[in-house]
Amino acid sequence: MRRVVVTGLGMVSPLGGDVETTWKNIIASKSGAARIERFDPTEYKCRIACEVKPADHEYGYDPALDVDHKIQRQVDPFIVYGISAASQALRDAGLDDMSEEERLRAGCSIGSGIGGLPGIESESLVLANKGPSRVSPHFVHGRLINLISGQVSIKYGLMGPNHAVVTACSTGAHSIGDAARMIAMDDADVMLAGGAESAICPIGIAGFAQARALSTAFNDTPEKASRPYDVNRDGFVMGEGAGVVVLEEYEHAKKRGAKIYAEVIGYGLSGDAYHVTAPHPEGSGGYRSMEMALRKSGLSLSDIDYVNAHGTSTPLGDELELGAVKRLFGDNLSTMSMSSTKSAIGHLLGGAGAVESIFCILAMRDQIVPPTLNLDEPSESCAGVDLVPHVAKERKVRAVLNNSFGFGGTNASLIMKAI
Amino acid sequence: MSETADRVKKIVVEHLGVEAEKVTEDASFIDDLGADSLDIVELVMAFEEEFGVEIPDDAAEKIATVKDAIDYIDSKQ
């Protein structure tokens, strides 16, 4: 099987418009949460989110750096974030100017969990208030989930596989895993892979709040709301943004002298077959996806130094993931660290698995693991697990495991190692 | 430039993200200003909103340049 390595990284997050700014803020224990600015949330049960900050903010995002004005106007923000992250990743890899021959073997696998919800909401209001002849001609292709991959392929002339995963909060991890397989199976030499989301709009916040998924007890202290594993956690904080990596066949990367961040060595997938929103009560789906990734990787549990948990800060989900990790790691629990970066940037839904995979890669690069913020009072079951409370921790990081679990009972786990 | 021309030009700049100097009366939306057919549909909708006129599809299809748009709008006001 052909080996697959990561040679480029790109990101838009609530803590920065690029990878390095975000990572610096993550390691400095900053929180991207605040009262929602994009609309007036006064009447909502949940009034907080981790929004991507405007360009003039200390760690804001400037879409104009990589996305044409016209496209910004026509498409939903999740597509704009995705184009930015993909552009950054291609530049980082030194592949933003490939020959036609190379571009025939380069593709995209950038998905989203929900897609263009803000635009569906606003154009529905146009339809209701002004009639069908006022609906934008760009409505459909400005909202479709596969239009990040579509737009990026057009911008850079990438003629290889054009794919888009939709598996709720597992999208980012599945996108990377599927794309890695496309390279391993010789469908492509280079793949842009990741996920994006921007669903912080009235119907998005209302819908997730009605599903009892969002935190509602910390509206006056937003930065305290995302608190995975803490006894006072009460739901997730919605985030937004995008993460994209450049995956490349190992020999292809080596031949051109590319900087290699990591090798993707294990990918596991499973279904809970249990409930649309609640995880399986024994965490068996998550357990099986981790176990499959481990088996594929050929590593031992003692090789894995860091787990970036799904850890969304929901009462049930955190507990079940923790239980599954404890059962899997057994005697090796004491030597690894596990944290949830959702405590800092919220839950990026379809983007989560991608940005978190990038944090895993940076943990290996810098030999430091990011913290779990707000873990003031760990629940009883946390005993014996290093959840990296409050502050980042310097330690040896040779191989990493990233978990993502989504509505519908869809699970993905990725294992990467430094080379 | 007439008042209609100023307002048309402003809409074109905002929708297509082109520099104002490029939006001359002779400029073709597709050949000179980088628009595609759907961009023109959107521009026509914006003109209808701005000027309170209705531009039927058969008339919209004949609007190729900035001047075509200005002339059509002026003829209906």
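A few ground rules come first. Residues are numbered from 1 along each chain as its sequence is written, chains are lettered from A and ligands numbered from 1 in the order in which they are written, and side-chain values use heavy atoms, with hydrogens and water left out. Since the model is predicted, local features need pLDDT of at least 70 and side-chain atom pairs count only at pLDDT 80 or more, while totals for chains, interfaces and linings use all residues.

Chain A comes out with 13 helices and 14 strands (DSSP runs numbered from the N terminus, H or I of at least four residues for helices and E of at least two for strands). Its radius of gyration is 20 Å, close to the 22 Å that the globule rule gives for 419 residues, so chain A is as compact as a globular protein of that length; the radius is taken over C-alpha atoms, and the rule is 2.2 Å times the number of residues to the power 0.38. Laid along the principal axes, the C-alpha atoms of chain A fill a box of roughly 65 × 55 × 40 Å. Buried residues make up 62% of the 419 in chain A, where buried means under 20% relative accessible area, exposed over 50% and partly exposed in between (1.4 Å probe, protein chains only). As for contacts (heavy atoms within 4.5 Å), 78% of those in chain A between residues at least 6 apart in sequence join residues at least 24 apart. The chain exposes about 15,200 Å², with carbon and sulfur atoms supplying 53% of it; accessible areas come from the Shrake-Rupley method with a 1.4 Å probe, and for residues only the protein chains shown count as cover. Chain A also carries 39 positive and 50 negative side chains, and the centres of the two sets lie 1 Å apart. Here Lys and Arg count as positive and Asp and Glu as negative, with His and the chain ends not counted, and each charge is placed at NZ of Lys, CZ of Arg, CG of Asp or CD of Glu.

Chain B has four helices and zero strands, running α-α-α-α from the N terminus on. The radius of gyration of chain B is 11 Å, close to the 11 Å from the globule rule for 77 residues, so this chain too is as compact as a globular protein of its length. The C-alpha trace of chain B spans about 25 × 25 × 20 Å along its principal axes. Of its 77 residues, 45% count as buried. Residues 24 or more positions apart account for 53% of the chain B contacts with a separation of 6 or more. Chain B has an accessible surface of about 4,200 Å², 47% of which belongs to carbon and sulfur atoms. The mean positions of its 7 positive and 22 negative charges are 5 Å apart.

Now for the salt bridges, each a side-chain nitrogen of Lys or Arg within 4 Å of a carboxyl oxygen of Asp or Glu. Searching the whole structure turns up 33 of them over all chains. One of these pairs R143(A) with D76(A), whose closest N and O atoms are 2.3 Å apart. R143(A) sits in the loop between helix 5 (117–130) and helix 6 (147–156), and D76(A) in the loop between helix 2 (69–74) and helix 3 (77–93), so distant parts of chain A, 67 residues apart, are linked. Both R143(A) and D76(A) are buried. Another bridge joins R233(A) to D318(A), with the closest N and O atoms 3.4 Å apart. R233(A) lies in the loop between helix 8 (202–210) and strand 7 (241–249) and D318(A) in helix 11 (residues 315–329), so this pair ties together parts of chain A that are 85 residues apart in sequence. R233(A) is buried at a relative accessible area of 9%, and D318(A) is buried at 1%. Elsewhere in chain A, R2(A), R105(A), D186(A) and D189(A) are linked in a network of salt bridges.

In chain B, the side chains of R7(B) and E3(B) meet in a salt bridge at 3.0 Å, N to O. The two are four residues apart in helix 1 (residues 3–16), so about one helical turn separates R7(B) from E3(B). R7(B) is partly exposed, with a relative accessible area of 25%, whereas E3(B) is exposed, with 55%.

Q88(A) lies in helix 3 and is buried, with a relative accessible area of 14%. Leaving aside neighbours within four places in sequence, Q88(A) is in contact with residues including L9(A), M11(A), V19(A) and D66(A). V165(A) is found in the loop between strand 5 (162–163) and helix 7 (171–184) and is buried, with a relative accessible area of 7%. With neighbours within four places again left aside, the contacts of V165(A) include S109(A), I145(A), H174(A) and D178(A). V165(A) and I361(A) are 196 residues apart in sequence and 22 Å apart in space, C-alpha to C-alpha.
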